[in-house]
Amino acid sequence: MISGLYSAATAMDAAAIRHETSATNLANAYLPGFRRRVLSQTPFDVTMADAQEKSGMSTLLGTTVGTAEDAIKIDFSQKGFKETGNRLDIALNGDGFFVVEGPVGPLYTRNGQFAVNAGGELLTVDQLPILGVNGPIVIPQDTPLSMVSVDPERSFRAGGIEFGQLETVRFANRNVLTPVGASLFQKPNDVTPEISNDEVMQGYVELGNVAYMDELVNIMVASRQYEAAQRVLNSIDESGYLFSGTATETEPFTLDATKSSGTVTYHGSSDSSYLRVTGDVEREALIAGDEIFKTIIREPTIILGDTGLTSGVGTDTAIGSGTLTGAHTSTTYAAGSGVTAGTSSVASDTIIGASGTHQLQIVDTSRTGAFGTISLNGATSIGFTSADTDLAVTGPNGEQVYVDLSAITAGFSGSVDIVADGTVSVDGGTTTDPILFAANQIVTNPADGLTVHLDTTAMFRTGENSVEFAGTNDVFDTLAALRDDLLNTRDLASQDRLDAMNRRLGDIERVEDHLISEVGAQSVALEQIERLLVRTQDLTLDQEIQYGETTSADVADAAIRLQELLTLQQFTMTTVSNLLSHNLLDFLR
């Protein structure tokens, strides 16, 4: 039994490492000079045999089981180059590295996408100085970047004047390098690099060597494993469903893999099965499926988007992820100017905001209201006439209002405060709530009664926001969310997508910790039952044991019943182990 648990635990660890490695590659696939991470796997018996041979120790627990992961290695192969025309983009054609001044010593990189600071110092994307043969390279003040060139000897020049020479190095064995962040490497203290004479290509960046689709396919296998996982979750024996708690006749899980959250619904009982034996404490025998697979550890809600909507105060009850939709309903203008909403205003205005959030600037150059200029939020002014009853005026960030200027007050010149009301929806617009411009507006989804707390005080435009109720995804929703972020179904910007994928990694770690904890709890219960069975078999024949609410039975009957329970428990543990070591592995790959 212990060996089975050890196999499950090590397989879970291995799966998590493999997933993290692939996710890291995908997140950095378009980073210049990135070198993909590669993870190889060694069967545990081989690793264990090596350890025994070296130490003389006996095999762990008398068996050789499980999975061992070798250290993550770096694939240093070169893929190709992309021309950018940027004078500060430099690629190395060969196996060398640029030298970087790190916080505690030199670092090395293939990423030649450089920049300069206010002092003209050449920097990496991580804002670390690039080292030349004689120290950091500094571009002289007032030197146009268009004049900067790098010759074949790696010397920087501008107007015929040399101001630094790149230091490039190579390593006889690049496998000694360890990654520091995404594109930097560190060498061991006892390794000395050699001078590199790689071809220097100015105006180019080196492509990362990640095969994006290959990495994506490795993880997208998950979407085809939902049905297999469901079959495991709905495992059944002659006693009923294993993961339905006390409702053993009810199929515990149903699946909808097309949904982004709530992919698996639990129908069993939340009550676990218990073993009750006279003279012994009550022991949890079979844990309800929702406790194993549907646990939630809520974290602060995350809202992504550019409408100005943020998370409010209080604990949300909504789970998973979703979309918050802000829509416009009406626009009104402060009195005095004569401007009113145009005929297209209700349907087409894209602003939302309390008074003062947005302003029109109107100048009646005719001084009669006949014509003049108008602008929104300080954008470039456009002309108008009193014939304009539905004029579109656009602000500096693309926001837009439609206005009726047929009754402008003669001689009016000044600013006009705007109130733009709207609604917010948590169910795609099926139901809406008026925006209150409040610090803690509570919005309820009538379909399930779940709530979200929103700060709507700073809302300024219509649009959609992605919302993540962090920590609320169960095992399956976590994997579905990872799938969706890999496909970027929410159309997130690059940094938002990278941040989202990092959160998915955190979710995976949380799920892994919980499942391994449940495996441990099951193993403890099983060992206790095993010991109880042995103790029962050793009792004298005239002793009787009461099991649950059943009638008295002699030792032989009690032993048989305990053996049946033990077999059921072992079957359950094997099922959980299979889920951890196989199906979740497929999810995470």
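Two strands pair if DSSP finds at least two bridges between them, and strands (E, at least two residues) are DSSP runs numbered from the N terminus. This is a predicted model, in which local features need pLDDT of at least 70, side-chain atom pairs count only at pLDDT 80 or more, and totals for chains, interfaces and linings use all residues. Residues are numbered from 1 along each chain as its sequence is written, and side-chain values use heavy atoms, with hydrogens and water left out.

**View 1. An open sheet built from S13, S14 and S15.** The three strands lie in the order S13-S14-S15, with antiparallel pairing. At the edges you will find S13 (149-150) and S15 (161-165), each of which pairs on one side only. Look for the four bridges that join S14 (residues 155-158) to S15 in the antiparallel sense.

**View 2. The largest nonpolar core.** A nonpolar core is a set of buried Ala, Val, Leu, Ile, Met, Phe, Trp, Tyr and Cys residues joined through side-chain atoms within 4.5 Å; buried means under 20% relative accessible area (1.4 Å probe, protein chains only). This core has 20 residues, and those with the most contacts inside it are Ile90, Phe114, Leu122, Phe156, Phe163 and Leu166. Strands S6 (90-93), S7 (97-102) and S14 each supply at least two of its residues. A second, separate core has 18 residues, including Ile351, Leu360, Ile408 and Phe412.

**View 3. The surroundings of Phe156.** Here contact means heavy atoms within 4.5 Å. Leaving aside neighbours within four places in sequence, Phe156 touches a set of residues that includes Ile90, Leu122, Ile137, Val148, Phe163 and Leu166. Ser149, Glu162 and Gly164 are also among its contacts.

**View 4. An open sheet in the order S29-S40-S39.** Pairing in this three-stranded sheet is antiparallel. S29 (310-311) and S39 (441-444) stand at the edges with a single partner strand each, so one side of each is left without a neighbour in the sheet. Four bridges hold the antiparallel pair of S39 and S40 (residues 451-455), and Thr444 has Thr451 in S40 as its bridge partner.

**View 5. Strand S41 and its partners S28 and S30.** Five of the seven residues of S41 (residues 463-469) are buried, so this strand is largely enclosed by the rest of the structure. S28 (residues 302-304) pairs with S41 in the antiparallel sense over three bridges, with Leu304 partnered by Ser466. S30 (residues 320-333) also runs antiparallel to S41, joined by seven bridges; here Thr325 stands opposite Glu464.

Methods: Buried < 20%, exposed > 50% of the residue type's maximum accessible area, 1.4 Å probe, protein only.
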